[in-house]
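Reader: Could you go through this structure with me slowly, please?

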Amino acid sequence: MPADNPVEGLDRLERETVDHRFKALPPDAEGLTVGELAAQRRNLFTGGFTTPVLALSAESLEHNLALLETYAERHGLAFAPHGKTSMSPQLFARQLERGAWGITAAVPHQLRVYRAHGIRRVFLANELVDPVALRWLAGELERDPDFRFICYVDSVRGVELMDEALRGAVRPVDVVVELGAGEGARTGARSEADCTAVADAVADATTLRLVGVAGYEGEVPDATPERVRDWLHRLVSLAVSFDKDGHFADTDEIVVSAGGSAWFDTVAEVLTELPELSRPVLKLLRSGAYVSHDDGHYRHLTPFNRVPEEGALEPAFRLWAQVVSRPTGQQAFANAGKRDAAYDLDLPEAQVVRDARDGSVRPAAGITVTGLSDQHAWLRTDEDADLEVGDWIGMGLSHPCTSFDKWQLIPVAEADGTVTDYVRTFF
């Protein structure tokens, strides 16, 4: 069920002034608004942009947004993509337009960004025990009757802290019990008995309402399809058990949520086996990295590798840097580094070279990124690699979540380099 409201405040982002805060934008654009610059439809390569510059493919973004929408519809899933990936209200708006139920968050700062842009349905896939954040949340729930919020609980102590901070709140806070993915995994109650104790504590807290169960299968230790499936069956069984015991008596809808970006095919498979419960069930997927995909971590992990008949995501990021030094036949340096590119999971992948002389583009044959300094990419080159000082090198990135966060304003470019939009991020 898609959200019924557009994201608010996007016009404010278009009115933001372009200046030195935003990396790589044309110096002669200073003083223009973002909307005015976008209307000029400048070319990424000839329109005055400086290197390094990160760009998003307009075509791949649209493809990925459409693909998850149809995937969720085909499998009877609602989805609340994890907004931590992009922290971009513009992309949130497009995800909601493409059928998203709401947007997932992880921490209070993200929630505040969402609310500042009018997001009305938020699933916070984390525990929330900060009293200041909880009191702020209570105020938001009182101020906006249409605001729907859900978060994790995984301990009796956490429930006590929430209840204490929320005393006097007008509306109860909806919570789901988080089932941990196993010993040594991340958050979440480790056993069904622990989950039941948490549910009982919620029942005793007048400020909270239990609406479902959830977890993150990406933390299953030594994950395989079989182990992920086993954990998901535990999650489904927990929902059935809670329903049988009357734990969902105060809600009109039972939420069962899982699904990162690596195992959503298994999530879809198991959630179809969920038996009929006493109330309608919202089967909520939370994958976020799909919006941009990548050329590394998720290229290898995406479930579409296992189910190619369902389609394929496309990497939307490309980081362009300029070769500034070629001291030997085996080495070159480009002017993009850790401040510009994700490097926590994989190094950037050299893909294409744009010739500084004539603008032609060729494969980056014989060129490998071997390391990153703060502001330099270390390139190993074959003796016969066609690469000169001044050439632009286009690199694919791994891990979208640590790519978006290095850029406050990202050009969205069509295949011919025409920049049609700019994506604002809030990290």
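Reader: Is Tyr71 buried or exposed?
Author: Tyr71 counts as buried, at 1% relative accessibility, where buried means under 20% relative accessible area, exposed over 50% and partly exposed in between, with a 1.4 Å probe and protein chains only. This is a predicted model, in which local features need pLDDT of at least 70 and side-chain atom pairs count only at pLDDT 80 or more, whereas totals for chains, interfaces and linings use all residues. Residues are numbered from 1 along each chain as its sequence is written, and side-chain values use heavy atoms, with hydrogens and water left out.

Reader: How many aromatic pairs are there in the structure?
Author: The structure holds 12 aromatic pairs, meaning rings of Phe, Tyr and Trp (its six-membered ring) with centres within 6.5 Å, called stacked if the planes are under 30 degrees apart, edge-to-face if over 60 and tilted for the rest. One of them joins Tyr71 and Phe304, whose ring centres are 5.6 Å apart with planes at 80 degrees, so this pair is edge-to-face.

Reader: Where do Tyr71 and Phe304 lie?
Author: Tyr71 is in helix α3 (residues 58-74), while Phe304 sits in the loop between α11 (297-301) and β10 (317-328), so the pair ties together parts 233 residues apart in sequence. Helices (H or I, at least four residues) and strands (E, at least two) are DSSP runs, numbered from the N terminus. Phe304 is buried too, with a relative accessible area of 4%.

Reader: And what about Phe147 and Phe149?
Author: Phe147 and Phe149 form a tilted pair, 6.2 Å centre to centre with 55 degrees between the planes.

Reader: New topic: how many helices and strands are in the protein?
Author: The protein has 12 helices and 18 strands, and 57% of its 427 residues count as buried.
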